[in-house]
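Dear colleague,

I am handing over the structure we spoke about, and it is placed just below.

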Amino acid sequence: MRIRDLEGLGPKSESMLASIGVDSIDGFKQSDAFDMYKKLKEQNVGVSLNMLYAMLGAQEGVRWQDVAKDRKTEILMRLDDMGLAP
(Lines give C-alpha, C1' and ligand atoms only; values in the text may rest on other atoms or scores of the structure.)
Protein backbone atom coordinates (compact mmCIF):
# COMPACT_ATOMS: atom_id res chain seq x y z
CA MET A 1 0.00 0.00 0.00
CA ARG A 2 1.19 3.51 -0.82
CA ILE A 3 0.24 6.99 0.37
CA ARG A 4 -1.91 7.47 -2.74
CA ASP A 5 -4.03 4.52 -1.61
CA LEU A 6 -5.13 6.22 1.61
CA GLU A 7 -8.64 7.69 1.71
CA GLY A 8 -8.69 11.23 0.34
CA LEU A 9 -5.15 11.20 -1.05
CA GLY A 10 -4.00 10.42 -4.56
CA PRO A 11 -0.95 10.55 -6.84
CA LYS A 12 -0.64 14.35 -6.66
CA SER A 13 -0.80 14.32 -2.85
CA GLU A 14 1.74 11.50 -2.75
CA SER A 15 4.11 13.48 -4.97
CA MET A 16 3.70 16.63 -2.88
CA LEU A 17 4.41 14.72 0.33
CA ALA A 18 7.48 13.07 -1.21
CA SER A 19 8.80 16.55 -1.99
CA ILE A 20 8.99 17.22 1.77
CA GLY A 21 10.53 13.83 2.56
CA VAL A 22 7.37 11.92 3.46
CA ASP A 23 7.41 8.89 1.21
CA SER A 24 5.95 6.02 3.23
CA ILE A 25 2.69 5.35 4.99
CA ASP A 26 4.51 4.88 8.29
CA GLY A 27 6.31 8.19 7.84
CA PHE A 28 3.03 9.87 6.92
CA LYS A 29 1.11 8.48 9.89
CA GLN A 30 3.89 9.36 12.34
CA SER A 31 4.19 12.96 11.10
CA ASP A 32 2.11 15.83 12.39
CA ALA A 33 -0.32 16.89 9.66
CA PHE A 34 0.07 20.55 10.59
CA ASP A 35 3.86 20.35 10.30
CA MET A 36 3.55 18.65 6.91
CA TYR A 37 1.10 21.35 5.79
CA LYS A 38 3.52 24.07 6.91
CA LYS A 39 6.36 22.48 4.91
CA LEU A 40 4.11 22.17 1.86
CA LYS A 41 3.07 25.82 2.18
CA GLU A 42 6.73 26.85 2.36
CA GLN A 43 7.32 25.06 -0.95
CA ASN A 44 4.06 25.91 -2.67
CA VAL A 45 1.96 28.85 -1.50
CA GLY A 46 -0.95 27.49 -3.57
CA VAL A 47 -1.44 24.44 -1.34
CA SER A 48 -5.06 24.60 -0.22
CA LEU A 49 -6.60 23.96 3.15
CA ASN A 50 -8.22 20.88 1.61
CA MET A 51 -4.79 19.23 1.63
CA LEU A 52 -4.62 19.63 5.40
CA TYR A 53 -8.15 18.26 5.75
CA ALA A 54 -7.20 15.32 3.52
CA MET A 55 -4.04 14.56 5.51
CA LEU A 56 -5.90 14.67 8.83
CA GLY A 57 -8.67 12.49 7.41
CA ALA A 58 -6.20 9.95 6.02
CA GLN A 59 -4.37 9.77 9.34
CA GLU A 60 -7.59 9.37 11.30
CA GLY A 61 -9.44 7.12 8.87
CA VAL A 62 -12.25 9.57 8.16
CA ARG A 63 -13.37 11.45 5.07
CA TRP A 64 -11.66 14.82 4.58
CA GLN A 65 -15.07 16.44 4.11
CA ASP A 66 -16.05 15.34 7.63
CA VAL A 67 -12.82 16.80 9.03
CA ALA A 68 -13.53 20.09 7.25
CA LYS A 69 -17.09 20.20 8.54
CA ASP A 70 -16.59 18.97 12.10
CA ARG A 71 -13.23 20.50 13.04
CA LYS A 72 -12.88 23.64 10.94
CA THR A 73 -12.75 26.10 13.86
CA GLU A 74 -10.20 24.02 15.79
CA ILE A 75 -8.03 23.66 12.69
CA LEU A 76 -8.19 27.35 11.80
CA MET A 77 -7.26 28.32 15.36
CA ARG A 78 -4.20 26.04 15.30
CA LEU A 79 -3.17 27.45 11.91
CA ASP A 80 -3.56 30.96 13.33
CA ASP A 81 -1.27 30.02 16.24
CA MET A 82 1.27 28.80 13.66
CA GLY A 83 1.00 32.00 11.61
CA LEU A 84 -0.61 30.08 8.75
CA ALA A 85 -4.23 31.17 8.97
CA PRO A 86 -5.80 31.60 5.52
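**What was found**

The accessible surface of the chain comes to about 5100 Å², and 46% of it belongs to carbon and sulfur atoms. Please keep in mind throughout that this is a predicted model.

The chain holds five helices and zero strands, so that its elements, read from the N terminus on, run α-α-α-α-α. Its C-alpha trace spans about 35 × 25 × 20 Å along the principal axes. The radius of gyration is 12 Å, which agrees with the value near 12 Å that a compact globule of 86 residues would have. Of the 86 residues, 37% count as buried, and among the contacts between residues at least 6 apart in sequence, 40% join residues at least 24 apart. As for charge, the chain carries 12 positive and 14 negative charges, whose mean positions are 4 Å apart.

**Helix H4**

Helix H4 takes in residues 49-60, and its 12 residues reach 17 Å from the first C-alpha to the last, close to the 16 Å expected at 1.5 Å a residue. This helix is mostly covered, with nine of its 12 residues buried, namely Leu49, Met51, Leu52, Tyr53, Ala54, Met55, Leu56, Gly57 and Ala58. What covers these buried residues includes helix H1 (11-18), helix H2 (25-30), helix H3 (33-43) and helix H5 (64-81). Just after H4, glycine 61 takes a positive phi of about 75 degrees.

Which residues does alanine 58 touch, once its neighbours within four places in sequence are left aside? Alanine 58, which is found in helix H4, is then in contact with Leu6, Glu7, Leu9, Phe28 and Lys29. Its relative accessible area is 9%, and it is therefore buried.

Methionine 36 lies in helix H3 and, at 3% relative accessibility, counts as buried. Leaving aside its neighbours within four places in sequence, methionine 36 is in contact with Leu17, Ile20, Val22, Phe28, Ser31, Met55 and Gln59. One of these, isoleucine 20, is 16 residues away along the chain, and the C-alpha atoms of the pair are separated by 7.6 Å.

Alanine 68 is found in helix H5, and its 15% relative accessibility lies under the 20% cut-off, so it counts as buried.

Is lysine 12 buried or exposed? Lysine 12, found in helix H1, has a relative accessibility of 66%, and because the cut-off for exposed is over 50%, it counts as exposed. The C-alpha atoms of lysine 12 and methionine 1, which are 11 residues apart along the chain, are separated by 16 Å.

With kind regards

Key. Residues numbered from 1 in each chain as written. Predicted model: local features only at pLDDT ≥ 70, side-chain atom pairs only at ≥ 80, totals over all residues. Heavy atoms only, no water. Helix = DSSP H or I, 4+ residues; strand = E, 2+ residues; numbered from the N terminus. Rg over C-alpha atoms; globule rule 2.2 N^0.38 Å. Buried < 20%, exposed > 50% of the residue type's maximum accessible area, 1.4 Å probe, protein only. Contact = heavy atoms within 4.5 Å. Areas by Shrake-Rupley, 256 points an atom, 1.4 Å probe, with all protein chains shown as cover. Lys, Arg positive; Asp, Glu negative; His and termini not counted. Charge placed at Lys NZ, Arg CZ, Asp CG, Glu CD. Expected span 1.5 Å × (residues − 1).
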